Amino acid sequence: MKQVHLKRGKEESLLRFHPWVFSGAIQQVDDDICEGDVVRVVAADGHFIAVGHYQEGSITVRVLSFRDVPIDSQFWASRLQSALATRQAIGLVDVQGSNAYRLVHGEGDHLPGLVIDVYGSTAVMQAHSIGMHLQRKEIATQLVAVMGSRISNVYYKSETTLPFMETENGFLFGGSSENTAVENGLKFYVDWLRGQKTGFFVDQRENRSLLEHYARGRRVLNMFCYTGGFSFYALRGGAELVHSVDSSAKAIELTNRNVELNFPGDLRHKAYCDDAFRFLDSISQTPDFPGYDLIILDPPAFAKHRGALHNALKGYTRLNQKALQKIQPGGLLFTFSCSQVVSKDHFRNAVFTAAAQARRKVRILHQLHQPADHPVNIYHPEGEYLKGLVLYVED
């Protein structure tokens with residue numbers, strides 16, 4: 001196995017089990033190492049530190065194990081079995097009325113660069129590293145063995161996560177045109193081919209349930225609605241009306257399909273294809289429409305890397321300020337950030353600034369986060385990517 005040699009003293013974070021080796025920590029690499037290779041990471045004195053996938057870039061090695069073990073079929077089976085056991089322990093597997101959950105969450109399941117979401121009998125696998133892409137067929141084989149009768153299909157979807165490689169979406173095992181899944185008794189279509197991520201955002205499951213609890217009698221605005229998850233939970237919660245907004249016509253089409261799947265012919269729902277800021281600016285009160293008293297802001301990541309952090313925080317502040325200016329007294333604002341580089345403190349300060357600029361009296365009712373099937377490796381705090389607040393807004 002080829003080796004990556006660290007500079008003297010640069011093994012400290014790895015000795016604390018952080019699963020990334022940054023390029024600046026590397027003294028040299030063996031000749032003929034290719035991207036995606038499994039490599040041994042050794043300290044300056046030559047002693048073993050870890051084994052992982054090599055890739056050119058800032059994060060040069062993603063650690064698979066801190067033990068000197070072969071990365072073979074037994075390794076993949078063991079890791080996948082551990083991930084399944086975790087989901088069984090938290091009560092997400094083989095549950096009546098729910099068949100959607102995240103089975104593998106990258107570093108949180110000691111499989112950096114790999115995501116697997118389960119939707120009914122289909123597992124959707126996504127690689128975020130070249131190493132995982134190269135091992136996709138072996139991983140799929142072990143996945144089918146570990147999951148047994150729970151899944152009949154494995155769909156691979158990495159065209160958008162590895163755009164610099166020639167990858168092709170498609171089934172690695174089985175094949176099915178059935179793309180309907182169930183979450184807490186509500187049905188939704190999963191767009192494996194064209195949809196964002198793996199086709200649905202299972203990380204908002206618990207936050208959607210919380211919104212359902214607060215929706216009764218309220219006029220709901222779901223911004224950045226994507227597939228309409230918050231919208232159909234609000235409808236089941238007894239909302240007076242629900243308006244869904246997204247700049248993508250495909251997202252609006254999928255939202256309408258999902259609402260119709262659960263509430264056919266329900267006139268309480270309308271969807272609009274529009275820019276979020278423009279739509280918020282256009283909101284006005286009329287005798288027939290006094291305004292929204294529950295608003296959801298769940299935008300895509302404003303910052304993909306640290307260099308974009310400053311502009312991202314300005315964007316979060318501006319977006320939340322507009323929503324706080326428009327929401328009715330006594331209203332609730334569910335506001336989120338899924339940007340990994342935006343910390344909880346960063347996001348909270350951005351919302352604090354927005355509240356001050358909007359000159360509204362605001363109280364925090366809930367501080368929200370990703371669910372248990374998106375675990376955070378305690379040695380990898382960067383994995384805590386989803387932040388959310390539920391705000392009660394007065395005059």
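Visitor: Quick one to start: which helix does Tyr233 lie in?

Guide: Tyr233 lies in helix α6, which covers residues 229–236. Helices here are DSSP runs of H or I with at least four residues, strands are runs of E with at least two, and both are numbered from the N terminus. Please keep in mind that this is a predicted model, in which local features need pLDDT of at least 70 and side-chain atom pairs count only at pLDDT 80 or more, while totals for chains, interfaces and linings use all residues. Residues are numbered from 1 along each chain as its sequence is written, and side-chain values use heavy atoms, with hydrogens and water left out.

Visitor: Okay, and is Tyr233 buried or exposed?

Guide: Tyr233 is buried, with a relative accessible area of 0%. Buried means under 20% relative accessible area, exposed means over 50%, and partly exposed is in between, all with a 1.4 Å probe and protein chains only.

Visitor: What is Tyr233 in contact with, leaving aside its neighbours within four places in sequence?

Guide: With those neighbours set aside, Tyr233 is in contact with Glu183, Asn184, Leu186, Arg208, Ser209 and Glu212, where contact means heavy atoms within 4.5 Å.

Visitor: At what angle do the axes of α5 and α6 cross?

Guide: The axes of helix α5 (residues 205–214) and α6 cross at roughly 35° and come within 8 Å; axes are lines fitted to C-alpha atoms, for helices over the stretch in contact, and angles run from 0 to 180 degrees between N-to-C directions. On the α5 side the contact is made by Asn207, Arg208, Ser209, Leu211 and Glu212, and on the α6 side by Gly229, Phe230, Tyr233, Ala234 and Arg236. By class, these are four nonpolar, three polar and three charged residues.

Visitor: Switching topic: how far apart are the axes of α9 and α10, and at what angle do they cross?

Guide: The axes of helix α9 (residues 309–326) and helix α10 (residues 344–358) come within 8 Å and cross at roughly 40°. The two helices are therefore oblique to each other; angles under 35 degrees count as roughly parallel, over 145 as roughly antiparallel, 65 to 115 as roughly perpendicular, and the rest as oblique. Their crossing is right-handed, and the residues of the contact divide into ten nonpolar, seven polar and no charged.

Visitor: And which sides of β17 are covered?

Guide: Both faces of strand β17 (residues 294–297) are covered, with Leu294 and Ile296 buried on one side and Ile295 and Leu297 buried on the other. In a regular strand the side chains alternate between the two faces of the sheet.

Visitor: Which strand does Asn222 stand opposite, and at which residue?

Guide: Asn222 stands opposite Ile296 in β17. Strand β14 (residues 219–223) and β17 pair in the parallel sense over four bridges, and two strands pair if DSSP finds at least two bridges between them. β17 also pairs in the parallel sense with strand β18 (residues 331–337), again over four bridges, and there the bridge partner of Ile296 is Phe334.

Visitor: In what order do the six strands of the open sheet come?

Guide: The order is β2-β6-β5-β4-β1-β3, and the pairing is mixed. β2 (20–22) and β3 (26–29) stand at the edges with a single partner strand each, so one side of each is left without a neighbour in the sheet. The twist averages 35° from one strand to the next. Within this sheet, strand β5 (residues 48–54) and strand β6 (residues 59–65) run antiparallel and are joined by four bridges, and Val51 has Ser65 in β6 as its bridge partner.

Visitor: What lies across β5 and β6?

Guide: That is α2, which runs at about 80° to β6. Helix α2 (residues 73–89) also packs with helix α4 (residues 136–147) at an angle of about 50°, with their axes 9 Å apart, and that makes α2 oblique to α4.

Definitions and conventions
A crossing is left-handed if the near helix is turned anticlockwise from the far one by less than a right angle, and right-handed if clockwise. Ala, Val, Leu, Ile, Met, Phe, Trp, Tyr, Cys and Pro count as nonpolar, Asp, Glu, Lys and Arg as charged, and the others, Gly among them, as polar.
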